[in-house]
Amino acid sequence: MSPTSKSTSKANGRRTIREIATFAGVSTATVSRVVNGSGYVSEETRRNVERVVREHGYSANRSARGLSAGRTGLVGVTVPLIHPAYFSVIIAGVTEALYEQDMRIVLCPTLHEHDREVSLLERLMHGTTDCALLVLPEESSGELRTLMQFGFRFVVVDPRKRIDERVPTVSAAHSAGANQATAHLLELGHRRIAVITGPGGWMATEERLRGHRAALAAAGVLPDPALVIESNFEVAGGRTAGAYLLDLAEPPTAIFAFNDQLAIGAMQAALERGLRVPADLSIVGFDDTAEAEIVTPRLTTVHQPLAEIGRMGVSLLTRLLENQRLEALHVELETKLVRRGSTAPPRL
């Protein structure tokens, strides 16, 4: 796992605005006003913040803040949708990290429409913004390569498909997370484990399938193609896929769904058939969104550090703006299994 933004700030001798605010016992907005010399701050508060800044070595990143010639201080963020928890948590991490750099977000929902995203990017790169974060972009590797050739700086967050190696990316360790989820079910004694995947050809789908199959192989369990069904990362898709799997002549004793939405849909399909989770069927999700804590039983799932993925994307982007060399072009953040109430040993 790559270092978090906190450890990075300590390593390069600079604290983040959030850390300075914590040390001074004030808000990040107050720190920003003191550092920038804008807005009213009491003399006592100002002296307190300035003392903490001197002691801890914070300095505003004026290059990234867009104070140099020709900079706007604006960062474009293209994202398929805003509402699902998955995307909203990433955006929250992005906006927090940008605020600490005194930069601002220009949010561009694309609705999974390729032409709309291309049009938005054209506007962003022609003076509207300094750079961009592309979350699950629709563009092909060739289109992204062309964007680089125009000199526009950007980072891809959670790439949809495999792209040019020269494009900087941030994602979660999909394969490792899937391996943990499947290994957990195997340790409980499950051998007939079904999988509800995301769309074929997506990096997340391929990597999670790879991790799942590696765990099966390590346990000496042969994969059954009949227990792998493709879906669309939505609750309705999980419900349909779950119904298909549970209506098989020999249904699975456990289902590993490739996101929490699919897992919740599978739960609904089980409930409709009078099955109890986890007594009759164990279910594991992926993402650890807010919904995983709300459903009954609470969902066992793989945690993705979604907010930190957004923050790391901003970290890479500010280094690009400062013409710093990136130590790693492709950053994968660690995933971990969160055990809750939706998994148990199979019924004998």
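Strand S1 (residues 74–79) and strand S3 (residues 131–135) pair in the parallel sense over four bridges. Here two strands count as paired if DSSP finds at least two bridges between them, and helices (H or I, at least four residues) and strands (E, at least two) are DSSP runs, numbered from the N terminus. This is a predicted model, in which local features need pLDDT of at least 70 and side-chain atom pairs count only at pLDDT 80 or more, while totals for chains, interfaces and linings use all residues. Residues are numbered from 1 along each chain as its sequence is written, and side-chain values use heavy atoms, with hydrogens and water left out.

Strands of a sheet pair through backbone hydrogen bonds, either parallel or antiparallel. In this model, S3 is also joined to S4 by five bridges, and these two strands run parallel. The table lists bridge partners that involve S3.

| Residue | Bridge partner | Strand of the partner |
|---|---|---|
| Val 77 | Leu 133 | S3 |
| Leu 134 | Val 156 | S4 |

These strands belong to an open sheet of six strands with parallel pairing, in the order S2-S1-S3-S4-S5-S11. Strand S2 (104–109) and strand S11 (330–333) are the edge strands, each pairing on one side only. From one strand to the next, the twist averages 20°.

Angles run from 0 to 180 degrees between N-to-C directions, using axes fitted to C-alpha atoms, for helices over the stretch in contact. Helix H7 (residues 141–149) lies across S3 and strand S4 (153–157), running at about 150° to S4. Helix H13 (residues 306–321) lies across S1, S3, S4, strand S5 (169–172) and S11, at about 160° to S4.

A nonpolar core is a set of buried Ala, Val, Leu, Ile, Met, Phe, Trp, Tyr and Cys residues joined through side-chain atoms within 4.5 Å. The largest such core has 72 residues, of which Leu 133, Val 135, Ile 196, Ile 255, Phe 256 and Ile 283 touch the most other members. H13 gives the most to this core, with eight residues. Apart from it lies another core of 14 residues, including Leu 124 and Val 156.

Terms used:
Contact means heavy atoms within 4.5 Å. Buried means under 20% relative accessible area, exposed over 50%, partly exposed in between (1.4 Å probe, protein chains only).
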